[in-house]
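Please find below my notes on the model you asked me to look over. They are set out as numbered points, to be read with the structure open.

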Amino acid sequence: MTNPANTTEPQIHARGLTKRFGTFTAVDAVDFDVAPGEAFGFLGPNGAGKTSTMRMIGTVSPITAGTLTIFGLDPAHHGAKIRARLGVVPQADTLDEELSVLENLLIYGRYFDLAWAESRRRAKELLEFVQLTERSNDKVEPLSGGMKRRLVIARSLMNEPSLLLLDEPTTGLDPQARHLVWDRLYRLKQRGVTLCLTTHYMDEAEQLCDRLVVMDKARIVAVGSPRQLIDEYVTREVLELRFRRAEDETDDSAHMDGKLEGLADRIEQLPDRVLVYTADGEAVAATAYERGLRPASVLVRRSTLEDVFLRLTGRSLVE
Amino acid sequence: MAVIGVRLSRPVEFATRKSIRVLEHDLLVFRRGWFNYLLNGLTQPFMYLVAMGIGLGLYVNKNGGTPGGVPYLNYIAPALMVTQAMLAGAFEAAWPIMAKINWTKTYHAALNTPLGAQDLLAGDLMWIAFRAALLSMLFTTVIVALGAASSPLIVLAVPVAVLTALSFAAPIMAFTATQEGDNGFNVLFRFGITPIFLFSGTFYPVEKLPLFMQPVAWLTPTYHGVAVARSLSLGQVDPFGTAVHLTFLAAVTLAGFAAARVTFRRRLVL
């Protein structure tokens, strides 16, 4: 059992957590802990095992092997008790199109055994929080993608959860809608709600997560804060060079002709450009120019999680 | 003793409370369309009974009539009530449940709350029972208004119709949870539900069917539901036969419920 006074005990604790569907291994012996008040992210390409992990934490998918506790409780025996304290934003909206915006929240509150009056009070407050008050009595179907997402977030908060699970909370939203969702999640975090989210947006992970794991092919391949991961797996800056390529040239090696030799930590040749990983992009660009390198365009930028991600999970497309 | 009693009853009590939440959901949806539903529930039986009971009945009554010589209207009225409940039960267990599992996926949203798969099953079965009860009460009202009931026992035919509806709804819900789309329903209704509606003693006694078809009719819940409802409405109740019929209906319902518990779990908890 959990001791409520012990606030440092992890909200989620997983060791050797494994999920298999028949012979297919979706999650392969992963270890992680999520501390109270933390924003924790699962980053990875499609099919990496993020959603399967989230479903096990949400107690709607039994674990195959390993250990998993949520609030110190075993999901196999205390599923309903865990879910009572959990907020879930699933990947698909799963809203009830036969009910109004307000009714969607009302009945969800009832599922958590709230009295009608209390459910109504929270529903109205949350519609205010996600800026949907004017749409209260509208049907769900005509709402925009961003509005539906906000409604799902409001729904997940009906039971005032201490831990919120978000599976790709902003996938498919336009930039305005994404920023609004981020803003609301940030406010929840400030209130002390633990966030656990999956995403394949690097900027989302950098914006929201204190700590994250990178998953690839059912395993965790890296763990740390966004800054730590960038420091560990890539350089501080990236110099991007583009060349005007002749018809018969298949890559840019002829242009470079060893002129970058010894200047960079790592050089990556892409079909349309060359990436030079270095601590000081400007300096490398200047030196390369002195050595006679004449690229068509030069861009120096800070490394991002995207560089980490591509370094760790590769550039081939996952279908 | 009291302490033990509380301990034993609590999980059971909470389980029902959770499934009642699911029923509340369905009632919330129903709040929007109840007037049309009730209006339909009155006009449909009226048209059927006038067209078939009175219209067609003129010819039937002239040409030898029904077994026992009861007016054709009185003969088919309770049977039509049962088959209407049965059709509603079968329909509600198919498309709307598929929507909740696979189309709008609202079951999956509910499963993120303390509710479990068995609560969804029990709650939606209660909802189907509620709808069948509502339709059957309206049907009874029309039957009585047209003077088509020979006995006040017709009132007891309402729960019989509800049980018949459940004997279809429970196994069909079990089936629905194994399906990916609604193709299977078209086959089920074309080759299962419609023939059962027509050939289970609804419009004429099963004894008039070809010999080889009679045992098939006995195996349908509709045959048993119709037999009991008719005997109540005509005031010709055979206690032993009634007990056998009701046992059959209850057995099919319970078997369907047990199967649905398994298929719901398999489908919703991966």
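This is a predicted model: local features need pLDDT of at least 70, side-chain atom pairs count only at pLDDT 80 or more; totals for chains, interfaces and linings use all residues.

1. Chain A contains 11 helices and 13 strands, and its C-alpha trace extends over about 75 × 45 × 40 Å along the principal axes. Of the 319 residues in chain A, 43% are buried. When contacts in chain A between residues at least 6 apart in sequence are considered, 70% of them join residues at least 24 apart.

2. Chain A has an open sheet of four strands, in the order E11-E12-E10-E13, and the pairing is antiparallel. Strand E11 (266–269) and strand E13 (297–302) of chain A are at the edges and have a single partner strand each, so one side of each is left without a neighbour in the sheet. From one strand to the next, the twist averages 20°.

3. The pairing of E10 with E12 can be followed residue by residue. Strand E10 (residues 237–242) and strand E12 (residues 274–278) of chain A run antiparallel and are joined by five bridges. Within this pairing, A:Val238 stands opposite A:Tyr277 of E12(A), while A:Glu240 has A:Leu275 in E12(A) as its bridge partner.

4. E12(A) also pairs with E11(A), again in the antiparallel sense, over four bridges. These two strands form a hairpin, with four residues between them. A:Tyr277 in E12(A) is the bridge partner of A:Arg266, and A:Tyr277 is likewise the residue that A:Val238 stands opposite.

5. Is E12(A) largely enclosed or left open by the rest of the structure? Four of the five residues of E12(A) are buried, so the strand is largely enclosed by the rest of the structure.

6. Turning to the contact between the chains, 21 residues come from chain A and 19 residues from chain B. On the side of chain B that touches chain A, the elements giving two or more residues are helix H1 (2–62) and helix H3 (106–110) of chain B. H1(B) gives the most to that side, with five residues. By class, the side of chain B that touches chain A is made up of nine nonpolar, seven polar and three charged residues.

7. The largest nonpolar core has 159 residues, and among its members B:Ala161, B:Ala165 and B:Ala169 touch the most others. The element that gives the most to this core is helix H2 (residues 72–103) of chain B, with 18 residues. Domain 1 (12–225) and domain 2 (235–302) of chain A both contribute residues to this core, so it lies between them.

8. Which residues surround B:Ala161, once its neighbours within four places in sequence are left aside? B:Ala161 is then in contact with B:Met81, B:Val82 and B:Ala85, with B:Ala132 and B:Ser136, and with B:Gly225 and B:Ala229.

Terms used. Residues are numbered from 1 along each chain as its sequence is written. Chains are lettered from A and ligands numbered from 1 in the order in which they are written. Two strands pair if DSSP finds at least two bridges between them. Axes are lines fitted to C-alpha atoms, for helices over the stretch in contact, and angles run from 0 to 180 degrees between N-to-C directions. Two residues are in contact if their C-beta atoms, placed from the backbone, lie within 7 Å. Ala, Val, Leu, Ile, Met, Phe, Trp, Tyr, Cys and Pro count as nonpolar, Asp, Glu, Lys and Arg as charged, and the others, Gly among them, as polar. A nonpolar core is a set of buried Ala, Val, Leu, Ile, Met, Phe, Trp, Tyr and Cys residues joined through C-beta atoms within 7 Å. A residue is buried if 20 or more other C-beta atoms lie within 10 Å of its own, exposed if 12 or fewer, and partly exposed in between; C-beta atoms are placed from the backbone. Domain bounds come from an automatic or database domain assignment.
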